[in-house]
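Let's walk through this model one piece at a time. Have the sequence and the structure open as you read.

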Amino acid sequence: MSRRGAIALFLIPSALVMGLIVLWPFVYNLWLSMTNLGLYTIKDGPDFVGFAQYLRLFGEPDLYEYLLRTLIWTGINVVFHVVIGVGLALALNQKFTGRAFYRGLLILPWALPQYIAALSWRGMFNFEYGQINLLLGSIGMDPVPWLSTEVGAFAAALITNIWLGFPFMMVVALGGLQSIPKEMYEAADIDGAGSWWRLRHITIPLLRPVMMPAIVLGTIWTFNNLNVIWLVTNHGEPADSSHILVTYVYKAAFVYYRYGYAAAFGVLIFLILLVLTWMNYRQADKSAYGA
Amino acid sequence: MSPTLKKVLWHAAMIVVVLITMYPVLQIFSISLRPGDQLYSTSLDLIPEGASLESFRTILFEKPFLRWLGNSLLVALSTAILGVTLASTAAYALSRFRLPGQKGILFAILTTQMFPATMLLLPMYLLMRNLGLVNSLVGVILAYTATALPFCIWTMKGYYDTIPRSLEEAAMIDGMTEVGAFWRVTLPLSAPALVITFLFSFLAGWSEFIVARTLIVSRELNTLPLGLESLATTFQTEWANYAAGSLLVAVPVVALFLGLSKFLVEGLTHGGVKG
């Protein structure tokens, strides 16, 4: 088979699946965002309204607050996911008895369906009955009103999502550690290098090519993570003050049935992410993006 | 520090980490043991008063749990096999050949992840309806594969990039074709990345809820997350059954991970690569 033939054989199936299932709905959504599709127009079919929905977005007073909260949410989550995940992967990569057992248990947060885990965390943050406050009480601390204050609800969602997300980074890091040739550590040992030096000059640089795609994608997923905030804060409570961009959009679409508006908001979120990623791409080491 | 003391401290630290990780899971376990469907209790005891395993019996034998399990296994395994096949080949082409617009392709793959997923639901539903794939597990499998592919392609490409091209060139000098070198040389060396990709696409299909809710109508086609949800939407949420079902959902995943983790952490063929 020619080289061209091999390339076609390897690439075309993936391109077809992605083009059909992701690209087409995306284009369709662009069209929706220029209509007034909503509860009152769904029967007779929507009208074309051009960029009217987009103009309304910028009049949205809370837009900047949601954006800021989304950025804080994403930053804190990703840092904790990576630090905890890589740290545990390094620990589990040592040889010790029972490590397969620990490994199996540490993947549990990823193994449970996300919405069940999120609901059970919501129960644990309950003011009166939640185990977190009961535990705090048992060491003599006052109960924390987790779900009824803006800061508390956001913190509760953060804790939940950090718990949910670290096993993924741990698994990726465990795989990445295998791509580091053992000879490099042996050479460092001969030169008398300490463990800190080995971590900084061998492990972290060589882990990068495998970790970076996970980190870039993890950032995007966290930015767009609907489930956790939606379920832990019970749809943005208290009083819609714990929304990030995607939960607000979800509410607009599926609670208020403002489809055209939500479609335009979806496009805006996409553009914000695109610009942020592009800025990072321009600055960062290109290897992070597989170039 | 003596080696024994070091060992003890090491295990103590690991146990603390595992306990913190496990605590919410144990909480779900505790709910599953409670009689009379209480969600809340002011007790910190893990084993509640009047504890029973009744909910596990109910969910396994009185609910169509085994059918949900079968559907979910079919969906998740198909997604995983399809995902690994498509990603391992596409990523190989992206890693080994200089293609026109190479950087553009990789960035475009990334951008497909940036669109809020819920906004794709309505268009995706209409598309599947036109393809006759609404209320069919094939439609769900295709949707999950498409959502899992970008991560899988990126991970595979990142891993291929760490394997020297010279190994394949040597195989081709010995008479293998490009495809043969990929199959016999590169793929076996990429076991850890294949495991990550498999696990990721399996889980994308295993616990997803919203897409399945949108595309599946018949009760016979319910996957596990849909089935569990049906316990919560009857007149009274059956909390104990719900909790027992959630734990049973995690069991196959942990088993799969334990089975695969040998390939993930031992890098068994890596001796052949001298970086």
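## Chain A overall

Helices here are DSSP runs of H or I with at least four residues, strands are runs of E with at least two, and both are numbered from the N terminus. By that count, chain A has 13 helices and zero strands. Its C-alpha trace spans about 75 × 70 × 30 Å along the principal axes.

This is a predicted model, where local features need pLDDT of at least 70, side-chain atom pairs count only at pLDDT 80 or more, and totals for chains, interfaces and linings use all residues. Residues are numbered from 1 along each chain as its sequence is written, while chains are lettered from A and ligands numbered from 1 in the order in which they are written.

## Burial and contacts

A residue is called buried if 20 or more other C-beta atoms (placed from the backbone) lie within 10 Å of its own. In chain A, 44% of the 291 residues count as buried.

Two residues are in contact if their C-beta atoms, placed from the backbone, lie within 7 Å. Take the chain A contacts between residues at least 6 apart in sequence: 66% of them join residues at least 24 apart.

## A look at A:L164

You'll find A:L164 in helix 8 (residues 150-177) of chain A. Why does A:L164 count as buried? Because 22 other C-beta atoms sit within 10 Å.

Setting aside residues up to four places away in sequence, A:L164 touches A:P109, A:Q114, A:A117 and A:V228. A:A117 is 47 residues away along the chain, with 8.0 Å between the two C-alpha atoms.

Conventions: A residue is buried if 20 or more other C-beta atoms lie within 10 Å of its own, exposed if 12 or fewer, and partly exposed in between; C-beta atoms are placed from the backbone.
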